[in-house]
Amino acid sequence: SRGLGDVYKRQGVSSISAQAAEEQLNGAVAIHNILQEHDVAYLADEVGMGKTFVALGALALLRHFEPSVRVLIIAPRENIQRKWLKEIHNFSSRNVRFPDLRVKAVYGAPARATVMCKSLSDLVHDTAVDADRDFLTRLTSFTLPLGQTSTEGWNRKRDELRRHLPWLDPAVFDMRSKEQFK
């Protein structure tokens, strides 16, 4: 069978060897299989070994076999978040061979939109507006800087989250303890 190395050669990309591309493909299949069996997988390797492409390959396999799968990608920093957004589009347009309307749309972009969220409020809002998309956020999105003394900031965050999640029990937003609220 032809692997990613052949795809890269056809596209004139020479920065990756056929062997490395095959290893990435095998890694994507392995991650997909682990996810199918255990619902969670951890991918770690040295810098430059293609973890992003392995993860995107696994995502493509998941999406191919289960088109309704929803994805949340958590990047460590904003620059990595932006890189992932770019790589998602590149992967779809360059590596997926045909528009199956599951992974790749007819016009070459990903079949499912990816939304870049800057904060927890953005993530909550964007999933409430349309959950049928993929979401790309960063670790810092899960922090709630509320300040030490004033409850004014706490109240603003609470009210903002309640607007996005009106169906949640108000007790979830108890303001008596900062740590409990967070």
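Colleague: Does Arg63 count as buried or exposed?

Modeller: This is a predicted model, where local features need pLDDT of at least 70 and side-chain atom pairs count only at pLDDT 80 or more, while totals for chains, interfaces and linings use all residues. Residues are numbered from 1 along each chain as its sequence is written, and side-chain values use heavy atoms, with hydrogens and water left out. Buried means under 20% relative accessible area, exposed means over 50%, and partly exposed lies in between (1.4 Å probe, protein chains only). Arg63 has 5% relative accessibility, so Arg63 counts as buried.

Colleague: Which residue does the side chain of Arg63 meet in a salt bridge?

Modeller: A salt bridge needs a side-chain nitrogen of Lys or Arg within 4 Å of a carboxyl oxygen of Asp or Glu. Here the N to O distance is 2.9 Å, and the partner of Arg63 is Asp134.

Colleague: How many residues apart in sequence are the parts that this pair ties together?

Modeller: Helices (H or I, at least four residues) and strands (E, at least two) are DSSP runs, numbered from the N terminus. Arg63 lies in helix H3 (residues 51-65) and Asp134 in strand S3 (residues 134-138), so the two parts are separated in sequence by 71 residues.

Colleague: How many salt bridges are there by this rule?

Modeller: Glu78, Arg82 and Arg138 are linked in a network of salt bridges. Another pair is Arg158 with Asp159, at 3.1 Å, N to O. The count comes to six.

Colleague: Asp130 and Arg133 also meet in a salt bridge. What is the relative accessible area of Arg133?

Modeller: Their side chains meet at 3.9 Å, N to O. Asp130 is partly exposed, at 33%. Arg133 is buried, with a relative accessible area of 16%.

Colleague: How far apart are the end C-alpha atoms of H3?

Modeller: The expected span of a helix is 1.5 Å times one less than its number of residues. H3 has 15 residues, so it should span 21 Å. That agrees with the distance between its end C-alpha atoms, 21 Å.

Colleague: Which elements do the buried residues of H3 pack against?

Modeller: The buried residues of H3 include Val54, Leu56, Leu59 and Leu62. Contact means heavy atoms within 4.5 Å. The buried residues of H3 pack against helix H2 (18-38), helix H4 (78-95) and S3.

Colleague: How many aromatic pairs does a search of the whole structure find?

Modeller: A pair of aromatic rings is described by the distance of the centres and the angle of the planes. Rings of Phe, Tyr and Trp (its six-membered ring) pair if their centres lie within 6.5 Å; planes under 30 degrees apart count as stacked, over 60 as edge-to-face and the rest as tilted. The search finds one.

Colleague: Is the pair of Phe53 and Phe91 stacked, edge-to-face or tilted?

Modeller: The ring centres are 6.0 Å apart. The planes stand at 45°, so the pair is tilted.

Colleague: How many residues apart are Phe53 and Phe91?

Modeller: Phe53 is in helix H3 and Phe91 in helix H4. Phe53 is partly exposed, at 23%, whereas Phe91 counts as buried, at 8%. The pair links distant parts of the chain, separated by 38 residues.

Colleague: What accessible area do Leu72, Ile74, Leu139 and Phe142 have together?

Modeller: Patches are made of residues with over 30% relative accessible area and no salt bridge; like charges are joined within 9 Å, nonpolar side chains (Val, Leu, Ile, Met, Phe, Trp, Tyr) within 5 Å. Leu139 sits in the loop between S3 and helix H6 (152-164), and it counts as exposed at 52% relative accessibility. Areas come from the Shrake-Rupley method with a 1.4 Å probe; for residues, only the protein chains shown count as cover. The four residues form a nonpolar surface patch with about 380 Å².

Colleague: How far apart in space are Trp154 and Phe173?

Modeller: Trp154 is found in helix H6. Trp154 is buried, at 9%. Trp154 and Phe173 are 19 residues apart in sequence, and their C-alpha to C-alpha distance is 9.7 Å.

Colleague: What share of the residues of the chain counts as buried?

Modeller: The chain has seven helices and three strands. Along the sequence they follow the pattern α-α-α-β-α-β-α-β-α-α. Of the 182 residues, the buried share is 38%.
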